[in-house]
Amino acid sequence: MALGDVDSDGDQDLFWGDYFEPGILFLENTGSRTRPNLRGEPLPFPTQDPLRTSGYNAPTLGDVDGDGDQDLLMGVLGGAYNPNTTTADNFHYVEQSRPGLFEQRTSRFLSTIDFGSETIPIAIDLDTDGDIDLLVGNKIEQDDTQNGKLYRLVNEGSSTTPSFRYDGDLDVGGGYHLLPAFGDLDADGDLDAIVGTWSDQLRIYRNDATDGSLLLNFVDSTSIVLSRGRNATPTLGDIDNDGDLDLFVGESSGTINFYENTGTPQSAEFTLVSDEYGDFDIGRRSLPVLRDADGDGDLDMYVGSESDGVVLFRNDGSRASPSFVQATKLDVEEISFAAPAFADLDGDGDDDVLLGLGAGGLQLYENRKR
């Protein structure tokens with residue numbers, strides 16, 4: 001609820017949001033400042049063009065534009081009418097443009113990256129210009145409740161001062177929770193992809209571009225299937241130092257699946273070795289990322305999770321014979337869903353951290369260690 005004098009008659013009127021109400025209700029105070037009367041018929045607001053959302057709307061009143069009258073800001077928490085439809089359009093600004101006339105100006109009052117719930121970033125040079133661009137996957141689209149997307153954010157700045165521009169989406173077919181792992185699977189010098197989705201199957205795409213960019217063509221979705229669980233989150237790296245890329249896959253139960261590449265650098269073939277690799281225990285929703293965290297020349301593993309942040313498992317073995325030991329957690333905020341990506345975004349020679357979030361958007365953590 002919110003109180004405010006929206007009709008400038010000297011008393012407080014009432015706005016009401018409710019879980020089962022698809023808009024906001026207005027009750028005019030027909031009494032006075034000292035003897036209020038809010039017993040009239042609640043009216044959808046604005047009366048000439050009522051707001052319609054997924055429900056559970058939270059209003060507040062104030063002079064947003066500084067013109068001396070009361071305007072309305074309204075957050076949408078998501079109620080009884082499919083909250084997926086308001087995962088991004090959920091902060092409405094309704095201006096009182098002249099006395100008694102209210103007009104909606106935007107449903108995204110704060111300008112920020114917001115692609116809905118459970119965003120997952122991937123740092124990659126999409127346009128081969130030498131700086132880091134981003135792909136951002138999400139759980140589900142608010143205007144297409146059968147699919148998620150992979151959004152392209154192209155860096156129009158530089159390798160030391162990035163500036164990202166939305167550039168459409170990368171087409172890797174439909175499904176929820178799209179997450180690609182990139183690597184050269186056929187030794188032709190460009191990046192192919194293995195794409196995880198909400199299902200238990202992983203899709204293989206060949207990059208047929210001739211200019212170093214991405215032109216992904218579907219190859220197969222039956223050769224790599226999780227033995228249990230769903231919500232596959234792949235990462236690629238040569239973990240045994242034999243010259244080809246091996247595959248680790250996180251999933252909903254929180255375990256890590258390891259597939260050894262028993263093919264060749266020119267023709268990858270992935271064979272399941274373990275669906276509980278290393279006895280990793282990070283709770284639900286494991287999201288592994290291979291990275292040399294300590295600069296010793298072998299691959300360590302960061303694992304994001306649903307409720308335990310991002311855990312580093314340090315490789316205390318060697319480049320050819322890994323042995324992972326839980327080391328520490330990343331020093332980041334406590335959040336409900338943490339999907340990490342690592343890249344030197346400011347060109348100072350160390351990894352910065354991007355985190356995808358359960359509530360959407362991204363967090364950036366600059367590495368200032370010296």
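What is the accessible surface of the chain, and what percentage of this surface belongs to carbon and sulfur atoms?

**Figure 1. The whole chain in the predicted model.** The accessible surface of the chain comes to about 17400 Å², and 47% of this surface belongs to carbon and sulfur atoms. The chain contains 27 strands and 0 helices. Its C-alpha trace spans about 80 × 40 × 40 Å along the principal axes. Of the 370 residues, 47% are buried. The side chains include 24 positive and 71 negative ones, and the centres of these two sets are 6 Å apart.

**Figure 2. A nonpolar patch on the surface.** The patch is formed by Tyr19, Phe20, Tyr56, Leu77 and Tyr81, which together have about 550 Å² of accessible area. Tyr81 belongs to the loop between strand E6 (71-76) and strand E7 (91-98). With a relative accessible area of 39%, Tyr81 is partly exposed.

Figure 3. Pro46 lies in the loop between strand E4 (43-45) and strand E5 (57-62).

**Figure 4. Ala187, a residue with positive phi.** Although Ala187 is not a glycine, its phi is about 55°. This residue sits in the loop between strand E13 (179-183) and strand E14 (192-196). Ala187 counts as partly exposed because its relative accessibility is 41%.

**Figure 5. Arg285, a residue with positive phi.** Arg285 is not a glycine, yet its phi is about 65°. The loop between strand E20 (270-274) and strand E21 (287-291) holds Arg285. Arg285 counts as buried because its relative accessibility is 10%, and buried means under 20%.

Notes. Residues are numbered from 1 along each chain as its sequence is written. This is a predicted model: local features need pLDDT of at least 70, side-chain atom pairs count only at pLDDT 80 or more; totals for chains, interfaces and linings use all residues. Side-chain values use heavy atoms; hydrogens and water are left out. Patches are made of residues with over 30% relative accessible area and no salt bridge: like charges are joined within 9 Å, nonpolar side chains (Val, Leu, Ile, Met, Phe, Trp, Tyr) within 5 Å. Accessible areas come from the Shrake-Rupley method with a 1.4 Å probe; for residues, only the protein chains shown count as cover. A salt bridge is a side-chain nitrogen of Lys or Arg within 4 Å of a carboxyl oxygen of Asp or Glu. Helices (H or I, at least four residues) and strands (E, at least two) are DSSP runs, numbered from the N terminus. Buried means under 20% relative accessible area, exposed over 50%, partly exposed in between (1.4 Å probe, protein chains only). Lys and Arg count as positive and Asp and Glu as negative; His and the chain ends are not counted. The place of a charge is taken as NZ of Lys, CZ of Arg, CG of Asp or CD of Glu.
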